[in-house]
Amino acid sequence: MGDRRLRLMGTAGALVVAVMSQSSIAGQDRPLVATVTNPTVVTATAAPVADQGVASQSPTRVIISVTAFRPPHDGAVQAVVKVQKDGDRTEQEIGRFGMFPNAEFKAADPSKAQRFGLPLPKELAGGEAVKLNVYLVPFKGDGGGAMLEIGGAEIR
Amino acid sequence: MSISRRNVLLEGCAIWAGVIATQIPGVVALAQGQPPRRRSVGDLQLNDPIVQAWRDGVRQLKQTPASKAISWANFAAIHGNANAFNLCPHGNWYFLPWHRAFLLMYERTVRQLTGHNDFALPYWDWTADRQLPAAFSQPTWNGQTNPLYESQRSMSPTDSLPDEIVGQGVIATILGETPFETFGTSRPSGQDSLDQSWINCKGCGVSGTLEATPHNNVHNIVGGLMGGTQSALDAIFMMHHCNIDRIWAVWNVNNQNSNDPLWTDMTFQNNFYNPDGSFYSPKVSDLYTPETLGYTYGLAPPPAAAAAPAIMALGDKMKTLYATPNMSSTAGIKSFTAPNVQHAAATATKPLDIAVEVDRNLLVAAARRAPAGAGNELLDFNTARERAASGPRALAFIRDIAVTQHKNTLYRVFIDCDYLSQGTPISDPHYVGTFGIFGVHEDRGGKAAAKPSIVVDLTRAIKRVYGSATELSGRIRIQILPVPNTSTAGPPGTAAPGRIEVAFVSA
């Protein structure tokens with residue numbers, strides 16, 4: 001009985017680990033997709049210093065990579081990016097961008113992603129990572145059909 | 001480029017422009033003074049010679065077969081066709097200089113085609129003018145098809161660009177971004193040569209706020225051709241990019257471009273045309289200074305802070321106005337009073353709409369006054385305020401206002417808005433301002449308090465609404481619309497002024 005219990009606990013533990021691993025893989029490898037009805041959350045981490053280049057001379061920014069986009073059936077949408085503020089569970093907008101041309105786009109590989117730099121306020125720039133809420137907001141109509149795929153984000 | 005060097009270039013621009021121009025076929029060298037000035041299309045009347053020259057030039061280009069090098073279709077194809085962008089860079093650091101040269105091609109060509117040597121492309125200052133310029137939203141002009149009009153646009157003539165895309169806060173963010181690769185979008189990732197393929201490596205850099213926010217979103221909000229790869233087929237494209245170009249010039253007053261040879265030494269080989277059909281192949285470093293290219297935005301380095309005589313004179317007149325409610329006229333002040341205001345009240349469903357008969361000439365002067373700017377661009381607020389104080393301005397005095405439910409009400413003021421409703425946004429060009437009332441009608445020791453009076457400055461709204469109008473009546477309608485001051489507030493109250501005056505003041 002004791003051995004069986006141990007085996008069951010071990011199996012359960014392995015299952016838990018497997019589920020957690022799937023979640024973490026989902027957070028990093030599964031595309032992050034925002035639609036008008038479903039924003040997405042992306043974690044921006046600090047880029048290695050060697051990669052900063054010219055960016056090291058400038059105020060801190062968040063660089064967001066967009067790997068795919070589909071415009072709405074009618075009209076246009078914009079991406080609105082807000083930083084999650086853990087302290088008071090609020091969010092603060094740091095910028096917004098549009099995809100131009102307003103046409104379907106799919107990066108053939110990550111190096112072809114479109115990247116957008118948004119200023120990160122000093123009070124939010126101190127940590128190693130920030131969580132970003134990315135909303136897709138229509139200018140007119142309901143923005144139906146629109147999709148924005150985020151390949152990743154980093155702080156520079 | 002430092003400011004001192006820029007000063008030398010500005011002072012010597014006539015010589016420089018002459019030297020540069022003589023080397024470019026089809027361009028008339030300017031003998032003296034500043035090169036032609038690019039102006040805001042919002043400040044130009046529909047029959048202004050600049051607007052007319054653009055119409056004429058676009059019409060001629062559109063009437064030329066696409067097979068010709070100098071044609072509307074062929075110029076636009078340089079930027080892109082129905083399926084894809086062609087030579088134009090987006091999302092990398094050539095975005096600004098390439099589009100500067102692209103606009104130059106149009107400007108020089110229109111001068112050549114129309115013979116209007118002082119022509120300079122107007123810009124659409126969408127921060128100040130949130131709606132499509134009137135010259136571009138009319139299907140016809142003087143009985144002819146308007147070549148500046150496009151029926152496919154998503155943006156209607158009454159739609160307004162939002163603050164979050166083009167507002168002063170966005171512009172301030174843009175102008176505060178440094179260095180150049182943050183402001184003007186960064187180099188393509190991995191660029192290691194001056195090979196032409198790096199120019200239109202799409203989206204290979206990191207777009208800064210200028211490209212990502214107003215540039216991209218205005219394209220998309222205008223929509224139709226402007227939203228896609230054929231955007232240069234829409235004549236508003238040039239006005240939109242002219243404003244982007246102007247913002248770059250403003251940024252340069254206080255900031256230097258990149259000095260990286262991978263940027264400065266890139267040549268846009270055979271990307272553009274001279275007016276005679278030969279290729280125009282500038283290097284990025286040829287494109288730094290508008291004045292050497294034959295145009296100017298009239299940007300001057302900020303002067304040292306000095307005494308402000310216009311502000312002081314205006315202040316004296318304002319004191320006179322405040323002190324003399326019933327004054328009709330004195331030096332530099334002319335007042336007009338609306339009749340029959342008593343017993344009229346503004347409600348949420350029926351805004352107050354009071355017509356005031358004024359001197360038409362004074363209304364024209366206020367509508368046509370030269371723009372002063374807010375000072376944000378050059379961070380010289382003293383000079384901006386002095387300029388703002390020195391021109392004619394119009395003020396509305398709304399006196400002795402009886403209000404109800406004032407604690408949960410904002411009172412928005414508009415002028416001459418025929419479609420005014422609770423849904424009319426404050427970004428609408430007819431919007432003047434908003435006032436609230438605090439602590440009114442409270443009995444103070446047995447003595448009733450005087451009803452409040454407020455003054456609002458109508459000048460900017462008059463410029464937006466009447467600035468490009470060809471005919472002005474001598475009447476202005478002052479409108480008051482009560483709205484709830486929070487989303488959870490109850491129904492808004494009412495406002496019934498005892499008297500409304502419009503005063504025109506010149507410092």
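Select residues 1-32 of chain B, where the pLDDT is below 50 and where the stretch has 52 contacts in the model beyond near neighbours in sequence; two residues are in contact if their C-beta atoms, placed from the backbone, lie within 7 Å. Then select residues 440-446 of chain B, where the pLDDT is again below 50 and eight contacts go beyond near neighbours in sequence. Where pLDDT is low, the predicted coordinates should not be read in detail. The model as a whole scores ipTM 0.76 and pTM 0.67.

This is a predicted model, in which local features need pLDDT of at least 70 and side-chain atom pairs count only at pLDDT 80 or more, while totals for chains, interfaces and linings use all residues. Residues are numbered from 1 along each chain as its sequence is written, and chains are lettered from A and ligands numbered from 1 in the order in which they are written.

**Chain B as a whole**

Show chain B as a cartoon, and 17 helices and 16 strands can be traced in it; helices (H or I, at least four residues) and strands (E, at least two) are DSSP runs, numbered from the N terminus. Of the 507 residues in chain B, 46% are buried, where buried stands for 20 or more other C-beta atoms within 10 Å of the residue's own, exposed for 12 or fewer, and partly exposed for the range in between, with C-beta atoms placed from the backbone. Among the contacts in chain B with a separation of 6 or more, 75% come from residues 24 or more positions apart.

**Where the two chains meet**

Now show both chains: 27 residues of chain B are in contact with 26 residues of chain A. On the chain B side, the elements that give two or more residues are α9 (180-183), β3 (206-207) and α10 (209-222), and α10(B) gives the most, with eight residues. By class, this side of chain B has four nonpolar, 21 polar and two charged residues, where Ala, Val, Leu, Ile, Met, Phe, Trp, Tyr, Cys and Pro count as nonpolar, Asp, Glu, Lys and Arg as charged, and the others, Gly among them, as polar.

Select strand β7 (residues 114-119) of chain A together with β3(B), since two bridges join these strands, which run parallel; strands pair if DSSP finds at least two bridges between them. Here A:Arg115 stands opposite B:Val206, and the bridge partner of A:Phe116 is B:Ser207. β7(A) is mostly covered, as five of its six residues are buried.

Move to helix α8 (residues 168-175) of chain B, in which B:Val170, B:Ile171, B:Ile174 and B:Leu175 are buried. They lie on the same side of α8(B) because they cover an arc of only 130° around the axis, the arc being that of the directions from the helix axis to the C-beta atoms. An α-helix has 3.6 residues a turn, so residues three or four places apart point the same way. The face of α8(B) turned away from the buried side carries the exposed residues B:Gln168 and B:Gly169, while the cover over the buried residues includes α7 (163-166), α9, α10 and α11 (236-254) of chain B.

Next select helix α17 (residues 459-466) of chain B, which is mostly covered, with seven of its eight residues buried; among them are B:Arg460, B:Lys463 and B:Arg464.

**Backbone details in the loops**

In the loop between α8 and α9 of chain B, find B:Pro179, whose peptide bond from B:Thr178 is cis, with omega near -5°. In chain A, a cis peptide bond with omega of about 5° joins A:Phe100 and A:Pro101, and A:Pro101 is found in the loop between β5 (90-97) and β6 (105-106).

Finish at B:Asn270, in the loop between α12 (261-264) and β4 (272-273) of chain B, where phi is near 55°, a positive value in a residue other than glycine; B:Asn270 is exposed, with 12 other C-beta atoms within 10 Å. B:Asp416, in the loop between β11 (409-415) and β12 (431-435) of chain B, has a positive phi of about 45° although it is not a glycine, and counts as partly exposed with 18 C-beta neighbours inside 10 Å.

Technical notes: pLDDT = per-residue confidence, 0-100.
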